[in-house]
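Biologist: Good morning. Could we go through this structure together, one part at a time?
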Amino acid sequence: MASSTAAPSSGRDFVGVALAQDSPRPTSPRVPRDDYDPTHLPAALAHRKNDELQWVARVFTSKPPTNKHDLAELLLSQTCLPGLRRTLELAGVDGRKVLALAAHGNGLLRTAQAAVPGFALGAWQRTWDSTDKKKTSPSVVLLFFPDDLSMPPTLRQRLAALLPAPPRPPLKALAGNPPGEHLGGDALADLGLVLESARAGQLQLTTIGLSTPSLRRLTASLSCPSRLAGFDMMRWRCLTRLLTASGWLRQTAKRLETGRREPNRHALQTLFHAYRDWQHDELHDLPGLRGTHDEYAPISEPIARRRALLQALGRCPVGAWMDFDGFVCHAAATEAIEPILDDECRVSIGRDYGGSMAALGEAGLAAVRNAWMRLVLACYLAPLGVVEVSLDRLAKLPPIKTYDYEAPNCISLTDRVVAFRLTPLGAWLLGVGTEPAAVTVQPGGWRIQADGSVVSLGERVPSAERVLLDRIAERLDERSWRLERSRLIAAIAGGDKPEALRARLTKLSGNDLPDTVGRLLDDAGRRATAVQVEAQLIVLAVTDPLARDQLLHDRSTKELCLDCGGSLVGVPPTDLAALRRAARKLGWHIPEHHVS
Amino acid sequence: MSADAPLIVQSDRTVLVEVDSPRFHEVRPLLARFAELVKTPEHVHTYRLTPLSLWNARSGGLSAETILEVLQGFAKFPLPAIMPDWIRETAGRYGRLALRRAPGSDLLLVAADAGLADELAGHDRLRMVLGQRLSSTSFLVPVDLRGRLKVALVEAGHPVEDVAGYTPGEPLTITLRKRTAAGIPFALRDYQHAAVEAFHAGGADSGGSGVLVLPCGSGKTIIGIGAMAAIGASTLILATSVTAARQWIAELLDKTELTAEQIGEYDGSHKEVRQVTVATYQVLTWRDRSAGGMPHLELFNRRDWGLVLYDEVHLLPAPVFQATAGIQARRRLGLTATLVREDGQERNVFALIGPKKTDVPWKALEATGWIASARCSEVRLPLPPELRIPYLTAERAQQHRLAAENPAKLTAVRALLARHAGEPVLIIGLYVDQVLATSTALGIPHLVGSTAQRQRERLFADFRAGRIHALAVSKVANSSVDLPDASVAIQISGSFGSRQEEAQRLGRILRPKPGANQAWFYSLVSADTVEQDFALHRQMFLCEQGYEYTLLDGVPA
């Protein structure tokens, strides 16, 4: 059955026809246009070959038109309101599921299709070839994804009114703590990592958002712990990038200059908003990913994608650990979070892991999406205090094979993220909760014992304390550390004061430190400061014994140099010129000293 | 969950127990049934859940659900999500395999289901010890492979419940005296009685093999004798040295009605095999170079032993392990102060001797006065200037010796002897030369490896009687020498970083003492030398047991 109604012309003529599968080629009378303006659609269809268009058009008619214009009009009519209901009938139950998912959640074709795995949808580019009968049959669903990637927003809106929203994959909280190490939650702690890096000479910066006392407190208490060193390095690089982009840091000064403002929650909120609206694409922070030309094309809009992720995050219950994979399922189905849209684009996934997007297909795209989400959680949202993340050990990497079609299980160190939980601070920053009270360390919530172990008895280990202990002690388990002399020495050599460390540890335990621990701190302090660089010395090799003796013993030169044994004579750099002049008078030449 | 709950269960399977919690004493005995005690420092004790500990618990009749109830009931915070499943899965492995007696002389290994039996049949190592497959779920096992099979199954992660029973052994009535031969009232203490019962299990097949972990000075020998009396059969006792063996014989004669004719000594000088025979590990592992092999291992089969008792089981040498694999039909009891083995053979102890039956923390006995309270101090002494350069330029091994033989230690020992004048003092050293030099310089007797047995006994007797107050000993006195009156130990040198040695040496002075029940342990180390580093490692074990170390720069006035 075919029915048609005339439509007033407006710019371009459209024919909207509700078609039965065997209906003849639709012709006039033209149907009235509705308010849907699919101007982009003809363009998208115009790029298709006639064969491709006919392949789909055969769903609607046994005798599809032969010229492109008519074909496009026929197909367009199926997405206009009068023909849409019939078209949806032809899409079948599974097809309608795909369309409903795309209309109500993530508009990507591949995401929607992944939700109905058994449905043979096909794709314009891959399955239009009708000569291969065994391949996927043409589906009307393709019409709604004219660019093979995503459903146009206006079409999504239209379908959303007709198709009920499918049930979302539920967000399930874990029953208890996830395995591994817990990280983040204290925004200042992670900011401290950046400042510590500056102190260690890895970064020169000017801060304009922190006061001297707070800066000192942070730099004295925070550093890159060794077990997470690689991970933290990645984290502070990301955070530095954000802080620099948002004007919190300037990498121009040769020394630390501090501003006058104290950091507070509202400053953090400003930073969070700056991050939310940042044009930077976090995919570029993933060292394991490289585009063919250092680009990821085509890539969805980073701000929109980030906002979509934050939207999904805002639905998580505050304080409950969420399994990462479960969250991905939920977020992917409900929000437009896909970073890479095209499974044909070539993105190398890690030099060490082999493979590329073209080879890996869907699995590779999912791997990239997951790596991006993990990076955002661990390197941006955890440092900003929005979430805490749980890090497990990385699974062992599969054997490397060139042209390996298996999805890699590791793209970056952030792949260790297995779970996360939204903090009260995060809920407030996301606009779904009230401003929380400040987290304080409970004195006496820790035990420091004679064997050097430091144990936290609280439910959470505050980040600042964790980072401090990671620096000076070996971590034994989730809540226990053992103070280590070598780490203490390194920390003190790095600028920590032994008495400050003692005071912090004493404050943590709420009691005097055991004798063994006190002595360990003293000993580390002594060893860290026993040797100081006093001055530099230039060493001259004097091959002539007479020259050596004269330089070391002559009244004019002996005060300027010293015997370094053998033929070597040492000269402080400040005395070199004087020694050269005096030596010249004695008839010896000292060549110019070039510092490489 | 409550704020005063004492347990924090972590996802790495460790369990932290807060000592200050009001429910600490309630949870500790429950936890000890299914978790291994890792360390007991002063504030927070650490236990670890391992497959072995869970299987031990299952062998004791504890179910996974009971274990979870304890953990959840006493946990301060919710359990990690992975724990319940892991506990159920791991504990559930125990009891799925049973070793039973088959008609005839062989044994029958019965699996709970055919899938498990298939898995065992496909396992490389197990195939070698499994006999004919009798049905979809059972295998015939040659009786002589019982021990090897148990070890292989534990290594494969499938512990077997050994209910094949024991040979009763040659019956022997062993009666404990009410008063010792010296006329002192004698009875097992409560914890000793409990330990014997944990091992014996009323004579059931579920008992009869296992390890009792008790601190030095707690009367492990007495517990061993109690176990012998409970079983009432001929017994082979394996001790670490001749001195220790004779100590056993003396205790048996003192505390039981056994006569000297019923007790044999089997060591380098005696080869008596009697109803109760005390042998040394050394003689068992003596290798006959001409004929090859270890002929004395035959001792295990020379008599129909009803019980084989391993003293200081943490020192059990590998050949004795192998021999033990062949006597799985006999009851076996291991005694030790620590299951820490420097060679990491705890799994073999579990499989071949048996599961841990009881573990009493040192500090618990100290609190009840059954062992002395000890104060530990490390005295750091600088090297004399003239030794500093030779020390720095010496090879690493030589450095340790130079530091250990620091002459400043002699002055410090003098000062400590003066400080503890009148108290029995043991001076313990690693190097014989140093022990002899100290003995000579201070004019005190010494006991080293070359000291004749008769001389040793005379020295011990004099020391016990208080005729001598100080005795310099080498490492021969590390274990199994009962010196009840020593209340001060001065360690002048130790075996590099051996934690076990430090514990044993402290154990020499922990036996209860009249009066304040107080003992002192001094470890003299050369400051800023490798000895200080080694000392740190050694003292760690004691700190983990809850002993606080005081670090002193020189002997205080």
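Biologist: How many residues does helix 12 of chain A have, and how far does the helix reach from its first C-alpha to its last?
Modeller: Please keep in mind that this is a predicted model. Helix 12 of chain A covers residues 302-313, which is 12 residues. The helix reaches 16 Å from first to last C-alpha, close to the 16 Å expected at 1.5 Å a residue.

Biologist: Which residues of helix 12 of chain A are buried?
Modeller: The buried ones are A:Arg305, A:Arg306, A:Leu309, A:Leu310, A:Ala312 and A:Leu313. They lie on the same side of helix 12 of chain A, because they cover an arc of only 160° around the axis.

Biologist: Which residues are buried in helix 13 of chain B?
Modeller: In that helix, residues 318-325, the buried residues are B:Val320, B:Ala323 and B:Thr324. Seen down the axis, the buried residues of helix 13 of chain B fall within an arc of 105°, so they line one face of the helix.

Biologist: Let us turn to pairs of helices. At roughly what angle do the axes of helix 2 and helix 3 of chain A cross?
Modeller: Two packed helices are described by the angle between their axes and the distance between the axes. For helix 2 (residues 50-57) and helix 3 (residues 68-77) of chain A, the axes cross at roughly 35° and come within 10 Å. The crossing of helix 2 of chain A past helix 3 of chain A is left-handed.

Biologist: Which residues meet there, in helix 2 and helix 3 of chain A?
Modeller: From helix 2 of chain A come A:Asn50, A:Leu53, A:Gln54, A:Val56 and A:Ala57, and they meet A:Lys68, A:Leu71, A:Ala72, A:Leu74 and A:Leu75 of helix 3 of chain A. By class, this contact has 7 nonpolar, 2 polar and 1 charged residues.

Biologist: Next, the two chains. How many residues of chain A are in contact with chain B?
Modeller: In chain A, 21 residues are in contact with 24 residues of chain B. Helix 19 (515-529) of chain A and strand 12 (453-456) of chain A each supply at least two residues of the side that touches chain B. The largest share, 3 residues, comes from helix 19 of chain A. By class, the residues on this side of chain A divide into 8 nonpolar, 5 polar and 8 charged.

Biologist: And chain A as a whole: how many helices and strands does it have?
Modeller: Chain A has 21 helices and 17 strands. Of its 596 residues, 45% are buried.

Biologist: Why does B:Glu312 count as buried?
Modeller: B:Glu312 counts as buried because it has 24 C-beta neighbours inside 10 Å, and 20 or more are required.

Biologist: What about B:Asp528: where does it lie?
Modeller: B:Asp528 lies in the loop between strand 21 (518-526) and helix 22 (530-544) of chain B. B:Asp528 also has a positive phi, of about 55°. With 17 C-beta neighbours inside 10 Å, B:Asp528 counts as partly exposed.

Notes: Residues numbered from 1 in each chain as written. Chains lettered and ligands numbered in written order. Predicted model: local features only at pLDDT ≥ 70, side-chain atom pairs only at ≥ 80, totals over all residues. Helix = DSSP H or I, 4+ residues; strand = E, 2+ residues; numbered from the N terminus. Expected span 1.5 Å × (residues − 1). Buried ≥ 20, exposed ≤ 12 C-beta atoms within 10 Å, placed from the backbone. Arc of directions from axis to C-beta. Axes fitted to C-alpha atoms, helices over the stretch in contact; angles between N-to-C directions. Left-handed = near helix turned anticlockwise from the far one by under 90°. Contact = placed C-beta atoms within 7 Å. Nonpolar A, V, L, I, M, F, W, Y, C, P; charged D, E, K, R; others polar.
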